[in-house]
Amino acid sequence: MADEKILETELRHYALLKEQLLKHNEGKFALIIGEDLLGTFDTSEAAYAHGVGQRGNVPMLIKRITKEEPVISIPALTLGLINAHF
Amino acid sequence: MPIFNTSFFAQQIGVPPQQPAPGMLLQAGPILPVQVQVPAALAQQLQATNQAIPTPIAGIALVDTGATMSAVEVTVVQSLGIQPVGTAVVGTAGGKQMQAVYPARFSFPGTGLPHIDFSSLFGASLLGISPAGGGQPLIALIGRDILTQFVLVYNGPAATFSLCF
């Protein structure tokens, strides 16, 4: 799935809250559904369990509160190497 | 400590003993059987609300030491009804793309390895790839996020690899 609108509302809301979250909750995981910040958690598993328990099986943003965004690297997919033919 | 060993042998009728086949390991890569299922928290929520828990989907996982994050075939998690929990930006030949990230549980039937609950798996397009040259499709990549918990031994000349938890 390549979709610029995945969790668009949640990501926008996180961007609004980021500076405030960094002051008090850096390193924790923020749980946002729609425009609601449901809390910050020590682990992403705890955030997911809370989100599912509160709202059910819905899209949600679980994001580690960090200054810099982590870089994801999967060269086999990026370069299409898994199914390359010579 | 659970250990999963796989050996690739050239099987020729009437030619004992079996000989290691490095070329088969080269072609297939370090693969193992995997079942993808809904994460434990979602299974509990479905059970509590008297909803059916989707049947796990079986396939093949490939250990990919180049990947910082493990990945799952996106149509598999979608068919299990799992909703996204985040996004990741990745570079592709066509430029940077935002992709959904999903939680899921992986189990490895017949290997003795424990199941793993992922809080974030990259939703990728892996279908159509059959690393072992037939049989089940590739539906997962095991990246370095999980290898932080495992010992991986890849022995090319002996055509074996081992995963120890």
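**Reading a sheet, a core and an exposed proline**

Modeller: Let's start at B:P2: leaving out residues up to four places away in sequence, this proline touches B:G112, B:L113, B:P114 and B:F165. Keep in mind that the model is predicted.

Colleague: Where does B:P2 sit in chain B?

Modeller: In the segment before β1 (3-7) of chain B.

Colleague: Is B:P2 buried or exposed?

Modeller: The general idea is to count C-beta atoms within 10 Å, with 12 or fewer meaning exposed. B:P2 has 12 others within that distance, so B:P2 is exposed.

Colleague: How far apart are B:P2 and B:A100?

Modeller: They are 98 residues apart in sequence and 32 Å apart in space, C-alpha to C-alpha.

Colleague: Over to chain A. What is the strand order in the open sheet of three strands?

Modeller: In general, strands of a sheet pair through backbone hydrogen bonds, either parallel or antiparallel. Here the order is β2-β1-β3 in chain A, with antiparallel pairing. The edge strands, β2 (36-41) and β3 (61-64), each pair on one side only.

Colleague: How many bridges join β1 to β3 in chain A?

Modeller: Four, with β1 covering residues 29-33. For one of the partners, look at A:F29, which bridges to A:R64 in β3(A).

Colleague: Which helix lies across β1, β2 and β3 of chain A?

Modeller: Helix α1 (residues 8-25), running at about 150 degrees to β1(A).

Colleague: Which residues have the most contacts inside the largest nonpolar core?

Modeller: B:V36, B:A71, B:V72, B:I139 and B:A140, in a core of 59 residues. Neighbours within four places aside, the contacts of B:I139 include B:V34, B:V36, B:V72 and B:L126.

Definitions and conventions
Residues numbered from 1 in each chain as written. Chains lettered and ligands numbered in written order. Predicted model: local features only at pLDDT ≥ 70, side-chain atom pairs only at ≥ 80, totals over all residues. Pairing = 2+ DSSP bridges. Helix = DSSP H or I, 4+ residues; strand = E, 2+ residues; numbered from the N terminus. Contact = placed C-beta atoms within 7 Å. Axes fitted to C-alpha atoms, helices over the stretch in contact; angles between N-to-C directions. Core = buried A, V, L, I, M, F, W, Y, C linked by C-beta atoms within 7 Å. Buried ≥ 20, exposed ≤ 12 C-beta atoms within 10 Å, placed from the backbone.
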